[in-house]
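Student: I have a model open and would like to go through it residue by residue. Can we start once it is on the screen?

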Amino acid sequence: SFSIPFLFKMLVDITPSYADGATTVSSPAILANCSSLSCLSSLPILLLLAYGICRSLSSLFREATNAIFAHVAQSAIRRFGRSTFNHVHSLDLQYHLNRNTGALGRVLERGSRSISFALNALVFNTIPTLLEVGIVMGIMFQKFGFLEAATVAMTIVCYSAYTIFITQRRSSIRKEMIGLENKASGKVNDSLLNYETVKYFSNEQHEGQTYETILLEYQMKALKAARSLSALNFGQMQYSYVD
């Protein structure tokens, strides 16, 4: 994927010369590699083919990586789900008598799905991004010098600092949202599982009010999370414009 911008640059630089009917190329690097007229005449087509092939290979490798990783992620989710299931069954009787069945099921479901997200973020986002930043910094330093490389590095540092700061503030809100969501789901499941008891004591109104109170708290947290996400996206977009 790192060769795609260079191929595109070479293609853009050389195309106007052939559009004007010229048979010479101003790039010393291209002239050094192509000494014959036939090579020069076919160079735009070769660059275009190379650019298309590199784009196709980049997309192919990315999709192949996702397909291969799916097997690893699903295997990890299966093993985690089984170990958690066994752990819940190994707990004492007092825990199972006081359990919240609805909330527990929601937690187990979220835990299984979070494994795939964490592995994907670590293997295919964090590590490749650090590697890509290092390579780009080396290219910028070699092509343009220290000042441009330092400018890019400072932009990346500011971008990362802003993202981490807003994300940490959002984390507490998201945790409260997840807790309220689990609580609401548990309330629905437990109320329906104990339908006879609720009916026997004519407690439907109380159950509905309790559930609505939880939903109202979740609504307030969701609004805060939406506002913080907007602030995060706005700041990241400004850094993208600067870049």
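Student: Is E207 buried or exposed?

Tutor: This is a predicted model, where local features need pLDDT of at least 70, side-chain atom pairs count only at pLDDT 80 or more, and totals for chains, interfaces and linings use all residues. Residues are numbered from 1 along each chain as its sequence is written, and side-chain values use heavy atoms, with hydrogens and water left out. The classes rest on relative accessible area: under 20% is buried, over 50% is exposed, and partly exposed lies in between (1.4 Å probe, protein chains only). E207 has 15% relative accessibility, so the class is buried.

Student: Which side chain does E207 meet in a salt bridge?

Tutor: A salt bridge here is a side-chain nitrogen of Lys or Arg within 4 Å of a carboxyl oxygen of Asp or Glu. The N to O distance for the pair with E207 is 3.1 Å, and the partner is K187. The two are 20 residues apart and link distant parts of the chain, with E207 in helix 8 and K187 in helix 6.

Student: How many salt bridges does a search of the whole structure find?

Tutor: Besides the pair K187 and E207, K199 forms one with E204, where the closest N and O atoms are 3.1 Å apart. K199 is partly exposed at 42%, and E204 is also in the partly exposed class, at 36%. K221 and E176 meet in another, at 2.5 Å from N to O. The total for the whole structure is three.

Student: Why does the salt bridge of K221 and E176 tie together separate parts of the sequence?

Tutor: The side chains of K221 and E176 meet at 2.5 Å, N to O. K221 lies in helix 8 and E176 in helix 6 (residues 146-193), so the parts tied together are 45 residues apart in sequence. K221 is partly exposed at 21%, and E176 is partly exposed at 37%. The reason is therefore the placement of the two residues, in helix 8 and helix 6.

Student: How many helices and strands does the protein chain have?

Tutor: Helices (H or I, at least four residues) and strands (E, at least two) are DSSP runs, numbered from the N terminus. Read along the sequence, the pattern is α-α-α-α-α-α-α-α. The counts are eight helices and zero strands.

Student: What share of the residues of the protein chain counts as buried?

Tutor: The protein chain exposes about 17,300 Å², of which carbon and sulfur atoms supply 65%. Accessible areas come from the Shrake-Rupley method with a 1.4 Å probe, and for residues only the protein chains shown count as cover. Of the 243 residues, the buried share is 21%.

Student: Which residues form a nonpolar patch on the surface?

Tutor: Patch members have over 30% relative accessible area and no salt bridge; like charges are joined within 9 Å, and nonpolar side chains (Val, Leu, Ile, Met, Phe, Trp, Tyr) within 5 Å. One of the members, I53, is found in helix 3 (residues 37-90). Together the patch has about 700 Å² of accessible area, and its members are I45, L46, L49, I53, L57, L60 and F61.

Student: Which residues does S228 touch, not counting those up to four places away in sequence?

Tutor: S228 is in helix 8 (residues 204-242) and is buried, at 15% relative accessible area. A polar atom of the S228 side chain lies 2.8 Å from the backbone oxygen of A225. With contact taken as heavy atoms within 4.5 Å, the residues touched are I166 and R170.

Student: Which residues is M140 in contact with, leaving aside its neighbours within four places in sequence?

Tutor: M140 belongs to helix 5 (residues 101-144). Its C-alpha atom is 9.9 Å from that of T151, eleven residues apart along the chain. The contacts asked for are G145, E148, A149 and V152.

Technical notes: Polar contact = N/O pair within 3.5 Å; in protein donor to acceptor, adjacent residues only side chain to side chain.
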